[in-house]
Amino acid sequence: SKAVQENKILYVMIVSESCRWCRKMEKTTLLDNMIIKRLEDNFIAVELLRGIDTYPDSFQAKMVPKHYFLTPKEKKIYALPGYWSVEDFSSILDDVVRKYQKLR
């Protein structure tokens, strides 16, 4: 509902407790000041724990971290697995924003 109210893209990252790539994503890429600013400006970010948190059955998280980008009305824009460096994740965010703007 917050994504709808603020007209922002919903970013959902599914992680697991034992995933070293999840920890690396959290401790590097997601702590980068530029990434933080971009997420705050354009996204509502949610982190879910695989096997503990509930999420739609359409969200598959066989590999973690798993990233989902959704419109405020929960239409899937992108879904991709893995750790991403700051540079690569920034490029992904660019693609997501561009695609969302075309959908609007």
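A residue counts as buried when its relative accessible area is under 20%. In this predicted model, Cys 19 has a relative accessible area of 9%, so Cys 19 is buried. Cys 22 is likewise classed as buried, because its relative accessibility is 0%. As for disulfides, a pair of cysteine sulfur atoms must lie within 2.5 Å to qualify, and the count by this rule is 0.

The burial cut-off also describes strand S3, which covers residues 66–70. This strand is mostly covered, with 5 of its 5 residues buried. In a regular strand, side chains alternate between the two faces of the sheet. In S3, Lys 66, Tyr 68 and Leu 70 point one way, while His 67 and Phe 69 point the other way. The residues on both sides are buried.

What does S3 pair with? Strand S1, residues 9–15, is joined to S3 by 5 bridges, and these two strands run antiparallel. S3 is also joined to strand S4, residues 76–81, by 5 bridges, again in an antiparallel arrangement. Tyr 68 can be followed through both pairings: Val 12 stands opposite Tyr 68 on the S1 side, and Ala 79 in S4 stands opposite Tyr 68 as well.

Notes: Residues are numbered from 1 along each chain as its sequence is written. This is a predicted model: local features need pLDDT of at least 70, side-chain atom pairs count only at pLDDT 80 or more; totals for chains, interfaces and linings use all residues. Side-chain values use heavy atoms; hydrogens and water are left out. Buried means under 20% relative accessible area, exposed over 50%, partly exposed in between (1.4 Å probe, protein chains only). Helices (H or I, at least four residues) and strands (E, at least two) are DSSP runs, numbered from the N terminus. Two strands pair if DSSP finds at least two bridges between them.
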